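Please study the sequence and the three-dimensional model shown here before reading on. The paragraphs after it are meant to be read with both in view.

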Amino acid sequence: MRLVDRASWQRVPMVLRHGVPAVAGLGIMLLVSQGLSEYRNTQLATIAMYVCAVAGLTILTGLSGQISLGNGAFMFVGAYTVALLLEHHVTTSNGVLALFLVVAVLVAAFAGALVGVAAARLRGPYLAGITLALAVGLPVLPKYSHLQSSLGGHAGISVNAPAPPGDMNYFRWQAWLCLIAAAITLFLLANLSSSRVGRAFRAVRDDEIAASLAGLPVARVQVLAFVVSAACAGLAGGLFGILSLTVLPDLFSLTLSLALLAAAVFGGLGTLSGAVYGSVIITLLPFWSSDLARALSLPDKVQHNLPQAVYGVGLILGMLLFPLGIHGLVRRVGQLGRNTLRTKPANN
Amino acid sequence: MLTLDDVVTTYGAVRALDGVSLNVAEGQITAVLGANGAGKTTLLRTVNGLVRPSSGSIRFDDHDLVVAPVESIVTFGIAHVPEGRGVITELTVEENLRLGALWRSDRRRTTDEGLDSVYEMFPPIAERRGKAADTLSGGERQMLAIGRALMSRPRLLLLDEPSLGLAPRITAQIMATLRRLSSEEGITVVLVEQNARSALSVADTAVVLNLGRVVAAGPANDLAGDEQLRHAYLGF
Amino acid sequence: MTFLNLVIYGIANGTLYAAVALALVLIWRSTRIVNFAQGGMLMITTFIAWDLVVKHGANYWVGLVVAVLAGFVLGAVTERLLVRPVENGPPLNPVIVTLGLLLLLQAVAGMIWGNGLDSFAPQFSLHYYNVGDQVILFSPDYLFIVIAVLVVLGALYLLFQRSPLGLRMRASAFNPEVARLLGVRVGRMLTLGWGLAAMVGALAGVLIAGTQPDYMNPNAFDPLLIFGFTAAIIGGLDSPVGAVAGGVTVGVVQQLLDNYVSNDIDAFYVFMILLIVLMVRPNGLFSRTAVRRV
C-alpha cells in the first residue's frame with residue numbers, strides 16, 4: 001500500500017511535490033501566527049530567519065561535504081546590504097523591501113563566490129580554518145577608520161524598514177516576512193537537492209576523484225554549493241537586520257556562525273527538516289535556559305552563559321552519540337512505529 | 001612454537017581465513033605460499049593481533065595471541081616485518097633501527113650491539129644511517145625493516161612478502177640472509193610469499209593457502225617437486 | 001627607526017602566535033586533527049592562573065606552573081574522552097567536536113568568572129627599553145616572553161629528537177600500525193601529545209594575558225587562536241619550525257599593517273593573509289608534502 005503511494009508520489013512533477021508542502025506549510029504557519037502574541041510572533045520570525053541560514057549551511061556541509069564556520073559573515077554581508085539600501089533609499093513599500101532582500105542575496109552570493117573559489121581548493125582543516133577566519137575577520141570591517149562614516153563603526157546603522165502594509169500588527173508582519181522567505185528558501189533548496197545539481201553535490205562529497213572521473217567539474221560544483229549557502233545566509237542576514245532594527249559588528253560574532261553550525265548538526269546534517277528543528281532549538285534555547293535559570297535562581301553569569309554551554313555540549317554529544325541529529329532520531333522513531341504496525345497483523 | 005588451530009578470520013561477509021591450522025616448528029623456516037587474496041597477509045595480521053579471529057586459537061609458547069594486545073607481541077619475542085617494507089619514512093635509518101629495541105628494559109646495552117651487528121649485516125644501510133628512510137631504495141628499505149626487527153632480538157620473525165617489487169638479485173640476497181639467521185642464530189622464520197620459487201629455495205617446510213584454507217603442507221622439497229601443486233597454486 | 005621598532009614588536013608578539021601554532025602543529029602531526037578548542041583550553045588555564053594569582057594572592061610563578069599543568073591535564077583528558085571516539089571517523093566530526101568544546105569552555109569560564117574585563121599584571125615590567133633618547137618597542141616582559149618560548153622550543157626539540165619517548169611519539173604519529181608492532185603504546189603517545197600541546201598553549205595564554213590591561217575575558221583569546229592557526233597554516237601545519245616562522249611572519253605583518261593602514265581591523269588582515277597564502281599554496285608556504293590522501 002505504502003509502496004504504491006510512494007511510487008505514484010514520485011511521478012508527480014518535482015515542483016509540485018515540493019511546492020504543495022511549502023505552500024501548505026506556509027499557509028498553516030501564517031494562520032498560526034494570527035493566534036500568537038507579539039512576543040511569540042517575534043520568536044516565530046527569528047526561527048524562520050534562522051531556517052534560511054541553517055538550510056543553506058546544511059546543504060553545503062551535509063550534501064556537498066564542505067564545512068563552513070563562516071556563514072555568520074555572509075549574514076553580515078546581507079544585513080549591511082539591506083541596512084545601507086534602506087538608509088540611502090528610504091521607502092515605504094514592502095515590494096521595494098523585498099527587492100532589497102533579493103539584492104542582499106545577490107551580494108552575499110557574490111561574496112560567497114569569492115570565498116568559494118579559494119575554498120574549493122581547500123580540504124578539511126584548511127577549509128574550516130579559512131572560514132573561521134572569515135567569520136571573525138569580515139564583520140570587523142565597519143570598525144575600519146575609513147569605513148566608519150559609511151558603515152557606522154561600533155555603533156552600527158539603524159535599519160529603517162517600511163511600516164507593515166495596512167493596519168497589520170508590526171510583529172506579525174515581521175513573522176510573515178520571515179516565514180515567506182523561509183518557505184521560498186526551503187522550496188528552492190528542496191528542488192535543488194533532488195535535482196541534478198543535488199546529485200552532483202552528493203557525488204563530490206562521497207568521492208571527489210570518482211566524481212571528476214565521471215565528468216563532473218568538481219571545483220565548480222563546490223563553488224556553487226558555497227554560493228548557494230552564502231546566498232541563503234545573505235537572506236537570513238537581511239531579515240536579521242530588519243528584526244534587530246540596528247546592525248552592528250558585534251551581532252555577527254563567531255558564536256553566531258557556530259550557532260548556525262550547531263543548528264545544522266542538531267537537526268541532522270544535510271536534511272532540510274533538520275534545519276527547521278535546529279533553528280527552533282537555537283532560537284528557543286536562550287529563552288528556555290533563562291526560564292530554567294530563573295526557576296533554579298542561578299546567578300546571572302550562569303544564566304547568561306547557559307545557552308552557549310548547551311550548544312557546546314550539544315555539538316559534542318551530537319557527534320559522539322547521534323551523528324544523524326534530530327532528523328535521524330525522528331526517522332528512527334517513525335520506522336519503529338511503522339515496523340510495529342506492520343508486524344502486528346502478522347502476529348495475529 | 002607457534003600453533004594455529006582452526007582459525008577463522010572474517011572481513012564482513014568474507015571469510016579471509018577459513019579454518020586454518022598450522023604448526024611452526026622452532027628453528028625452521030616455514031614458507032606460507034599462495035596467490036593474491038589467498039589469506040596470507042590476513043594470517044600474519046591475525047597472528048600479531050591487528051585483526052582478531054572470530055574463532056580458533058593461536059598460541060606462541062605459553063602466550064594466547066588471540067587476546068594479547070598488539071603492543072605486547074614484540075615482548076614475547078615475535079618481530080614483524082610488514083608488507084610494503086613498513087619502514088617509517090619520516091624517521092632516519094638509525095631512528096628506525098632504534099625503535100626496534102625501544103621496548104627492551106636493557107636497551108642501553110642492546111641498542112648499541114644491535115646497531116653494530118645490523119650495520120655489519122647490511123653495509124648499504126650503514127652508509128646511510130643518518131639519512132631519512134625515504135631516501136632508501138626498495139632493497140635497502142627491506143634490509144632496514146629486517147634489521148629493525150632483529151633489533152628486538154626476536155625468537156620468531158614474521159615476514160610479509162619481502163621479495164615484493166625487488167630485483168631477483170636483491171631477493172636472493174634477502175633469502176640468503178634469512179637462511180643464515182635461521183641456521184646461525186637459530187631464529188624461527190615465517191615467510192609469507194607470493195614468489196614461491198624463491199621462498200621454497202630457503203624454506204624447510206611450506207604451507208599453501210587458497211581462498212583462506214590450507215590446501216597443502218609438508219617439507220619444502222616435496223612441495224617444490226609436486227608439479228600438479230605448482231601449476232595449480234604456485235604458478236611456476 | 002619606526003620600521004625597525006615595528007619589526008621588533010612584531011617579532012615579540014609573533015613568538016606568542018608561534019607558541020599557539022606550535023600547540024596546533026603538535027596535535028596535527030600526531031592525530032591529523034586541528035584542535036579548534038585550543039583557544040578555549042588556554043583561556044581556561046589562564047583564568048585558573050589569574051584566579052590563583054590575582055584573586056587569591058598566590059605567587060606569579062605558582063600560577064604559571066599550575067596553568068601549564070592544568071593545560072596538560074585538560075589536553076590529555078580531551079584526547080581520551082572526546083577525540084578518541086571520533087578520531088577515525090569522517091574528518092568533519094573532530095572539527096565539530098573541538099568547536100563544541102571551544103563553546104563549552106568559553107561558557108564555563110563565563111559562568112565561573114563572568115564576562116567582564118579583568119587585568120592580569122605580568123611579572124616583569126611593560127615599560128619599553130630606551131637606547132639613548134630612542135624608545136625601543138621592547139620591554140622586560142617581552143624579553144621574558146621571547147625567552148620562555150625559545151626555552152619551550154628547545155625543550156620540545158630535545159624531547160622529540162633526542163629522547164626515546166620522543167622517538168616513540170614520532171613513530172606513533174607517522175605510522176601508528178608499525179609503531180604498535182614495535183611495542184609502542186600508540187594510544188598513550190597520542191594522549192601525551194595532546195597534553196604536551198595544551199601545555200604549550202597554556203603558557204602562551206598566561207604570557208599574552210599580561211601584555212595588555214583588561215585582557216581577561218572568555219572571548220578575548222579567540223584572536224590568538226585565529227592568529228596561531230594562520231601561523232600554523234603558513235608553516236604548513238606539519239612543521240614545528242614552520243610554525244615558529246609562521247608566527248613571527250604573522251606578528252610582523254600585523255604590526256606593519258596596523259601602523260601603515262589601520263589598527264582597527266586586525267582580524268580582517270589575518271583573514272586576508274590566510275586567503276592569500278592558501279590561494280598561492282593550498283597546503284601552506286613551508287609544507288613539503290601534500291596532504292596525505294587515505
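The text below goes from the chains to a helix pair, then to a group of strands, and finally to backbone angles.

This is a predicted model, in which local features need pLDDT of at least 70 and side-chain atom pairs count only at pLDDT 80 or more, while totals for chains, interfaces and linings use all residues. Residues are numbered from 1 along each chain as its sequence is written, and chains are lettered from A and ligands numbered from 1 in the order in which they are written.

Consider the chains first. Two residues are said to be in contact if their C-beta atoms, placed from the backbone, lie within 7 Å. Two pairs of chains are in contact, and of these, chains A and C share the most contacts. Chains A and B, by contrast, do not touch, and their nearest C-alpha atoms are 21 Å apart.

The next topic is a pair of helices in chain C. Helices (H or I, at least four residues) and strands (E, at least two) are DSSP runs, numbered from the N terminus. Helix α3 (residues 60-83) of chain C packs against helix α8 (residues 186-209) of chain C at an angle of about 145 degrees, and their axes are 7 Å apart. Axes here are lines fitted to C-alpha atoms, for helices over the stretch in contact, and angles run from 0 to 180 degrees between N-to-C directions. Among the residues that meet are C:Leu64, C:Ala67 and C:Phe72 in α3(C), and C:Leu190, C:Trp194 and C:Met199 in α8(C). The residues of this contact divide into 15 nonpolar, six polar and two charged. In this division, Ala, Val, Leu, Ile, Met, Phe, Trp, Tyr, Cys and Pro count as nonpolar, Asp, Glu, Lys and Arg as charged, and the others, Gly among them, as polar.

Two strands pair if DSSP finds at least two bridges between them. Strand β3 (residues 29-33) of chain B and strand β9 (residues 205-210) of chain B are joined in the parallel sense over four bridges, and B:Ala31 has B:Ala206 in β9(B) as its bridge partner. On the other hand, β9(B) pairs with strand β10 (residues 213-219) of chain B in the antiparallel sense, over six bridges. There, B:Thr205 has B:Pro219 in β10(B) as its bridge partner. The strands β9(B) and β10(B) form a hairpin with two residues between them.

B:Ala220 lies in helix α9 (residues 220-225) of chain B. Is this residue buried or exposed? B:Ala220 is buried, because 21 other C-beta atoms lie within 10 Å. The term buried calls for 20 or more other C-beta atoms within 10 Å of the residue's own, exposed for 12 or fewer, and partly exposed for a count in between, with C-beta atoms placed from the backbone. Leaving aside neighbours within four places in sequence, B:Ala220 is in contact with residues including B:Ala31, B:Thr205 and B:Ala206.

The last topic is the backbone angle phi. Most residues other than glycine have a negative phi. In the turn of the hairpin of β9(B) and β10(B), B:Leu211 has a positive phi of about 50 degrees. B:Asp61 also has a positive phi, near 50 degrees, and lies in the loop between β4 (55-60) and β5 (63-64) of chain B. B:Asp61 counts as partly exposed because it has 13 C-beta neighbours inside 10 Å. In chain A, A:Leu245 has a positive phi of about 70 degrees. A:Leu245 is found in the loop between α11 (218-244) and β2 (246-247) of chain A, and counts as exposed because it has 12 C-beta neighbours inside 10 Å.
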